[in-house]
Amino acid sequence: IGCVGAIDGLFVKVCRPSMNDADTTPQAYFSGHYMAHGLNVQAICDSDRCFTFFGAVAPGKASDQVAFEQT
């Protein structure tokens, strides 16, 4: 009761994008923490565990805060 939603981030591995596919340099998709290329995905669910928001717009190098701000 009183909870609007819970937010969390997820790193999803992808193949290294080419220069033509990436909106920035392909290196921006490389996460040093996970040692892989990927996307930073942000999602929000409600108290019934239903997704109310889902965004996959930030490269893997982005922090959760930056990824959420970009969505």
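The accessible surface of this protein comes to about 5100 Å², and 57% of that surface belongs to carbon and sulfur atoms. The model is predicted. The exercises below work through it.

**Exercise 1. Describe the overall build: how many helices and strands does the protein have, and in what order do the elements run?**

Solution. 
- Count the elements. There is 1 helix, and there are 4 strands.
- The order is β-β-β-β-α.
- Take the dimensions. The C-alpha atoms fill a box of roughly 45 × 20 × 20 Å along the principal axes.
- Check burial. Of the 71 residues, 30% are buried.
- Check contact range. Take the contacts between residues at least 6 apart in sequence: 44% of them join residues at least 24 apart.

**Exercise 2. Place Ser31 in the fold and list what surrounds it: is Ser31 buried or exposed?**

Solution. 
- Locate the residue. Ser31 sits in strand E2, which covers residues 30-31.
- Judge its cover. Relative accessibility is 5%, so Ser31 is buried.
- List its contacts. Beyond neighbours within four places in sequence, Ser31 contacts Phe11, Ala36 and Gly60.
- Look at Gly60 again. Ser31 and Gly60 are 29 residues apart along the chain, yet their C-alpha atoms are separated by 5.3 Å.
- A polar atom of the Ser31 side chain lies 3.3 Å from the backbone nitrogen of His33.

**Exercise 3. Work out how many aromatic pairs the structure holds and classify each by geometry.**

Solution. 
- Count. There are 2 aromatic pairs.
- Take Phe11 and Tyr34. Their ring centres are 4.5 Å apart, with 10° between the planes; the pair is stacked.
- Compare their cover. Phe11 has a relative accessible area of 17% and is buried. Tyr34 has 47% and is partly exposed.
- Take Phe51 and Phe54. The ring centres lie 6.4 Å apart and the planes meet at 85°, so this pair is edge-to-face.
- Phe51 is exposed at 62% relative accessible area. Phe54 is exposed at 57%.

**Exercise 4. Explain why Gln42 counts as buried, and name the residues it touches.**

Solution. 
- Locate the residue. Gln42 lies in strand E3.
- Read its accessibility. The relative value for Gln42 is 2%.
- Apply the cut-off. Buried means under 20%, so Gln42 qualifies.
- Find its polar partner. The side chains of Gln42 and Asn40 make a polar contact at 2.6 Å.
- Name the residues touched, leaving out those up to four places away in sequence. Gln42 touches Ile7, Asp8, Gly9, Phe53, Phe54, Gly55, Asp64, Ala67 and Phe68.
- Link back to the aromatic pairs. Phe54, touched by Gln42, is also the edge-to-face partner of Phe51.

Terms used. Residues are numbered from 1 along each chain as its sequence is written. This is a predicted model: local features need pLDDT of at least 70, side-chain atom pairs count only at pLDDT 80 or more; totals for chains, interfaces and linings use all residues. Side-chain values use heavy atoms; hydrogens and water are left out. Helices (H or I, at least four residues) and strands (E, at least two) are DSSP runs, numbered from the N terminus. Buried means under 20% relative accessible area, exposed over 50%, partly exposed in between (1.4 Å probe, protein chains only). Contact means heavy atoms within 4.5 Å. A polar contact is a pair of N or O atoms within 3.5 Å; within protein, one must be able to donate a hydrogen and the other to accept it, and residues adjacent in sequence count only if both atoms are side-chain atoms. Rings of Phe, Tyr and Trp (its six-membered ring) pair if their centres lie within 6.5 Å; planes under 30 degrees apart count as stacked, over 60 as edge-to-face and the rest as tilted. Accessible areas come from the Shrake-Rupley method with a 1.4 Å probe; for residues, only the protein chains shown count as cover.
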